[in-house]
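Below is a briefing on a two-chain model. Please look over the sequence and the structure before reading the points that follow.

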Number of protein chains: 2
Amino acid sequence: MSLPPGARIGILGGGQLGRMSAIAAATLGFRAHVFAPEPDGPGLQVAAERTIAGYDDADALARFADAVDVVTFEFENVPAGALSVLAPRVPCRPGADVLATCQDRLAEKAFLRRVGVPVAPFAAVATERDLPAALAAVGLPAVLKTTRLGYDGRGQAVVRTEAEARAAVARLAPAPFILEAFVPFAAEVSALVARAEDGSAILYDVAQNRHLHHILDESLAPAPIAPASAEAARAHARAVADGLGLIGVAAIEFFLLSDGSLLGNEIAPRPHNSFHWTIEACRISQFEAHIRAVAGLPLPDPGRHHAAIMRNLIGPEGMALLPALLAGPGWSVHLYGKAEARAGRKMGHATRLLPPSP
Amino acid sequence: MSLPPGARIGILGGGQLGRMSAIAAATLGFRAHVFAPEPDGPGLQVAAERTIAGYDDADALARFADAVDVVTFEFENVPAGALSVLAPRVPCRPGADVLATCQDRLAEKAFLRRVGVPVAPFAAVATERDLPAALAAVGLPAVLKTTRLGYDGRGQAVVRTEAEARAAVARLAPAPFILEAFVPFAAEVSALVARAEDGSAILYDVAQNRHLHHILDESLAPAPIAPASAEAARAHARAVADGLGLIGVAAIEFFLLSDGSLLGNEIAPRPHNSFHWTIEACRISQFEAHIRAVAGLPLPDPGRHHAAIMRNLIGPEGMALLPALLAGPGWSVHLYGKAEARAGRKMGHATRLLPPSP
């Protein structure tokens, strides 16, 4: 399938990832149709067509499916019910099985291990009764996480004793959980792969990420890490994409240990915050690569021509930086069209190009 | 006036210039409201708000004016009637006087001369009776042009004899016309200036342009011309912007003569086809510069980091290049969302980055 100019690309989700994907779709001559529950989400503001309805509105989903040529997703936590309406009617890229794997931390970790990506020791905790065995397998300190719907640090707790683990289970209930060994990492890095229907793929340079309060604050690319570690991250990303049968982009987050080895942490089968710098620093941004893959267009080398640093603009503190970023000669500013700068909310980002080679 | 994030920027005109301006506005966190007569124009497809109505629909224009914080224009031939509805209600950038000057080739040429930009000899031809005096002043060969609404070579004719001049007047009537000396130019170049309300301005590097059948085919930037000629073009652009009291961007097209001197030809008080390469090759594109000026944001150095070549994709022949452009590793492709690839129609463009210095 290769969609012609003017084809209609459905994007489920109306946040900033959908917004930047819709702009990329328009730039390639496609018509973006954004489906989102919020009446004025960032993605809706740049879409040719809009459906404002809940993800549980089967009628609206069916009409959306019938009105587009392909559907993609700005987030992995798409309800199974929505997919069951969409998938029989229209190609979904990535597909339901990819989303299912990435929605569940247990399935995700098991999948990573299966395709050869090392992961920290982990164990399932369906109920509090599973805790002793899980703690015995994983050790302490550990991180207890809900298996589903966690992001930006929500739904997880670091536990240092069995009592803390029990308290965390009680607090984060209802379960199920995954208990993971706490990883004393030296750095966090991410890799991005775009994969086409025919199995061809492109890999971006690895980004190094710094989080603040569990939210991505800054990404630097290429990551200033050992070339062997960067190459391993890219190879793992390729293995993940092939293992998933992915059509589209996916980011894989890794912990980098002090010995240069990597542990896979999460898969995001969509454009990823840590690759926003690709808009300025590459010929083909992650958003364009995603739309190209979804629409069946070729995936040539992304053509990175600069190194780059990307800073998120989060909440009122982030927005307070805006005047300086706009006035200075160095930063490319992206705002997402969100009305209210609540604490912890990603309002935009800014990218600064750096000389091509570190 | 400096508009805050979320402010509403009205764009009159729904073509590709409005489309790329609307995307730039969204990227800066503004809400683009596009007013256009065609139900599915390129600009409407990426706008947060849309008004589909004629430029003579005073009610729709008034509602549009009341719904936005500032209005800008994708084209200079805005009917005076539309401006008379908009201007009392909302800041218009550029203003009615700028548009009036650029709508009329006689006023434009007189203005260029007034601000010190050399122009080819010209004379007004209100009716056929003015021809002998005009021909005596201008000489032959010459170019007869309608003073208004000409673009891409429409409304003009090269005349080599008085008989041809009379025939052209009859064919292009109703008048008025301008008769301009035919310029045996060595090259066509254009300069782009962005000017803020406070009079500060930024200049882009000069582009060299190649036309085919009177339509821009290719732009190369920086123009491979003598530095003194490029500097003169930029200085002229600055003088034009200051003379107009421009808020926004304007492109000035010049003929470059074989002795390195310049003759001013046209002013376009808006983003210009010959500067589309700024999207990839500069930190601040011409569209972002325009929106920044219109919204009262700072205008730092545009930060060109590459040289570039831009090719228009015109009609079916242009679209036939698409598969190769999409597959190759070098070209950034922009399509405008136009349904039908009619002959001579600008369907998109593609930009290739070149090493920073020639």
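The model is predicted. Chain B superposes on chain A with an RMSD of 0.0 Å, and 31 residues of chain B are in contact with 31 residues of chain A.

**Relation between the chains**

- B:V46 is the residue of chain B that comes closest to the rotation axis, with its C-alpha at 2.2 Å.

**The side of chain B that touches chain A**

- On this side, 31 residues of chain B meet 31 residues of chain A.
- The elements of chain B that supply two or more residues to it are α1 (16–27), α12 (322–327), β16 (331–335) and β17 (346–354).
- The element that gives the most is β16(B), with four residues.
- By class, this side of chain B has 17 nonpolar, eleven polar and three charged residues.

**A four-stranded sheet in chain B**

- Four strands of chain B make an open, antiparallel sheet in the order β5-β8-β6-β7.
- β5 (122–125) and β7 (156–159) of chain B are at the edges with a single partner strand each, so one side of each has no neighbour in the sheet.
- From one strand to the next, the twist averages 20 degrees.
- Four bridges join β6 (residues 142–146) of chain B to β7(B) in the antiparallel sense.
- The bridge partner of B:A142 in β7(B) is B:V159.
- Helix α5 (residues 105–114) of chain B lies across β5, β6 and β8 (177–181) of chain B, and runs at about 45 degrees to β8(B).

**A helix pair in chain A**

- Two packed helices are described by the angle between their axes and the distance between the axes.
- The axes of α1 (residues 16–27) and α10 (residues 286–295) of chain A come within 8 Å and cross at roughly 65 degrees.
- At that angle α1(A) is roughly perpendicular to α10(A).
- The crossing of α1(A) past α10(A) is right-handed.
- From α1(A), the residues A:M20, A:S21, A:A24 and A:A25 meet A:F287, A:E288, A:H290 and A:I291 of α10(A).
- The contact of α1(A) with α10(A) comprises five nonpolar, two polar and one charged residues.

Definitions and conventions: Residues are numbered from 1 along each chain as its sequence is written. Chains are lettered from A and ligands numbered from 1 in the order in which they are written. This is a predicted model: local features need pLDDT of at least 70, side-chain atom pairs count only at pLDDT 80 or more; totals for chains, interfaces and linings use all residues. Two residues are in contact if their C-beta atoms, placed from the backbone, lie within 7 Å. Ala, Val, Leu, Ile, Met, Phe, Trp, Tyr, Cys and Pro count as nonpolar, Asp, Glu, Lys and Arg as charged, and the others, Gly among them, as polar. Two strands pair if DSSP finds at least two bridges between them. Axes are lines fitted to C-alpha atoms, for helices over the stretch in contact, and angles run from 0 to 180 degrees between N-to-C directions. Angles under 35 degrees count as roughly parallel, over 145 as roughly antiparallel, 65 to 115 as roughly perpendicular and the rest as oblique. A crossing is left-handed if the near helix is turned anticlockwise from the far one by less than a right angle, and right-handed if clockwise. Copies are superposed by least squares on the C-alpha atoms of residues with pLDDT of at least 70 in both.
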